[in-house]
Amino acid sequence: MSMNKNYSLLNLNQIAKDIIKNSKHKVLLFYGDMGVGKTTLIKEICKELGTDDITSSPTFSIVNEYITSNGDTIYHFDFYRLNNEEEAYNIGVEDYFHTDAWCFIEWPSVIKNLLPLITNNIYLTKLDDDQRNIQLK
């Protein structure tokens, strides 16, 4: 199922719910320019999934792990600072993708050859007046 909507921070909660409802797979790839709101959206999705953990961008740690109130695991990756796919391979990134956990991946193009074949692709675009466009494919 695909989704194409414009939104602002005021309706971010509903966008997060829509992503969860419309995602056929638990590996979500987030595409968009720096500052478009990928991390902000991922924080809201984590909240909707029931985590009370403090969520933040794993820019320096590469991966953050969160636990939901019902014991499910969420992995949040940020590959922006990686120099090559080998760095991701060395941390065992493929092992994370083959669990039943939610995996949210920022800057997936950095590790394109390591990504699972079946994913949900989320494209974020900044519009005028603090609006964003989201496409889920």
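**Close-up 1. An aromatic cluster joined by ring pairs.** In this predicted model, Tyr75, Phe77, Phe79, Tyr96 and Phe97 are linked into a cluster by pairs of their rings. If you are counting along with us, the aromatic pairs number nine.

**Close-up 2. The edge-to-face pair of Phe77 and Tyr96.** Let us zoom in on two members of that cluster, Phe77 and Tyr96. Their ring centres are 5.2 Å apart and their planes meet at 80°, so this pair is edge-to-face, the class for planes over 60 degrees apart. The two residues are 19 apart and link distant parts of the chain: Phe77 belongs to strand β4 (residues 73–78), while Tyr96 belongs to helix α4 (residues 93–97). Phe77 is buried, its relative accessible area being 0%. Tyr96, with a relative accessible area of 21%, is partly exposed, because buried means under 20%.

**Close-up 3. The tilted pair of Trp102 and Phe104.** Here the aromatic rings of Trp102 and Phe104 sit 5.9 Å from centre to centre, with 40° between their planes, and the pair is tilted.

**Close-up 4. Trp107, a non-glycine residue with a positive phi.** Do take a moment for the backbone of Trp107: its phi is positive, about 60°, although the residue is not a glycine. Trp107 is found in the loop that runs between β5 (102–106) and β6 (120–126). With a relative accessible area of 19%, Trp107 is buried, because the cut-off for that class is under 20%.

Methods: Residues numbered from 1 in each chain as written. Predicted model: local features only at pLDDT ≥ 70, side-chain atom pairs only at ≥ 80, totals over all residues. Heavy atoms only, no water. Helix = DSSP H or I, 4+ residues; strand = E, 2+ residues; numbered from the N terminus. Buried < 20%, exposed > 50% of the residue type's maximum accessible area, 1.4 Å probe, protein only. Phe/Tyr/Trp six-rings, centres within 6.5 Å; stacked < 30°, edge-to-face > 60°.
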